[in-house]
Amino acid sequence: MKKIIQNIMLLTALLVLTGCPGDDDDSVGCFSCLYEQQRTGCNNSNYSDWEERSITIDEPRDDLDPEQFCKESFPATDIECAAGCCVSFRYRNVRVGPCQ
């Protein structure tokens, strides 16, 4: 009898950790952010030609849907600076695509 109770407790713990079969899971799986990008060189204002790019998101943030995630990750303009070098970016046509 003690063994049966231990097995039931173990099964219950596993179901809680992994989710019960049939539970509706609203989490989003893998997706891609597709976008076009221009960038400058280090510390200059000359932008490159537009280039098609994509990034695969395997584990998205739970509080954002894929469309929100992509739009927040690739705003219209952005700048990144490191070691005295700043590169400016422009993004357009940001959209969600399938997992790649």
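## Strands 3 and 4

Strand 3 and strand 4 (residues 85–97) pair antiparallel through six bridges. Strands here, like helices, are DSSP runs numbered from the N terminus (E, at least two residues, for a strand; H or I, at least four, for a helix), and two strands count as paired if DSSP finds at least two bridges between them. Across this pairing, Thr-77 sits opposite Arg-90 in strand 4.

The model is a predicted one, so local features need pLDDT of at least 70 and side-chain atom pairs count only at pLDDT 80 or more, while totals for chains, interfaces and linings use all residues. Residues are numbered from 1 along each chain as its sequence is written, and side-chain values use heavy atoms, with hydrogens and water left out.

Strand 1 (residues 31–39) runs antiparallel to strand 2, and seven bridges join the two. Here Phe-31 stands opposite Ile-57 in strand 2.

Now for Glu-36, which lies in strand 1. Glu-36 is buried, at a relative accessible area of 12%; buried means under 20%, exposed over 50% and partly exposed in between, using a 1.4 Å probe and protein chains only. Leaving out residues up to four places away in sequence, Glu-36 touches Trp-50, Glu-51, Glu-52, Arg-90, Tyr-91, Arg-92 and Asn-93, where contact means heavy atoms within 4.5 Å.

Two of these neighbours come up again as side-chain partners. Glu-36 makes a polar contact of 2.9 Å with Arg-92 and another of 3.2 Å with Asn-93. A polar contact is a pair of N or O atoms within 3.5 Å; within protein, one must be able to donate a hydrogen and the other to accept it, and residues adjacent in sequence count only if both atoms are side-chain atoms.

## Salt bridges

How many salt bridges does a search of the whole structure find? It finds four, a salt bridge being a side-chain nitrogen of Lys or Arg within 4 Å of a carboxyl oxygen of Asp or Glu. One of them pairs Glu-36 with Arg-92, with the closest N and O atoms 2.9 Å apart. That pair links distant parts of the chain, since Glu-36 in strand 1 and Arg-92 in strand 4 are 56 residues apart. Arg-92 is partly exposed at 38%.

Another joins Glu-51 and Arg-53, with the closest N and O atoms at 3.4 Å. Glu-51 is partly exposed at 41%, and Arg-53 is partly exposed at 35%. Over in helix 2, Glu-67 and Lys-71 lie four residues apart, about one turn of the helix, and their side chains meet in a salt bridge (3.4 Å, N to O).

## Loops

Ala-83 belongs to the strand 3–strand 4 hairpin, which has two residues between the strands, and takes a positive phi near 50° although it is not a glycine. Ala-83 counts as exposed, at 89% relative accessibility. Asn-43, in the loop between strand 1 and strand 2, also isn't a glycine and has a positive phi of about 55°; Asn-43 is partly exposed at 49%.

Pro-75 lies in the loop between helix 2 (66–73) and strand 3. Pro-75 and Tyr-91 are 16 residues apart in sequence and 6.3 Å apart in space, C-alpha to C-alpha.
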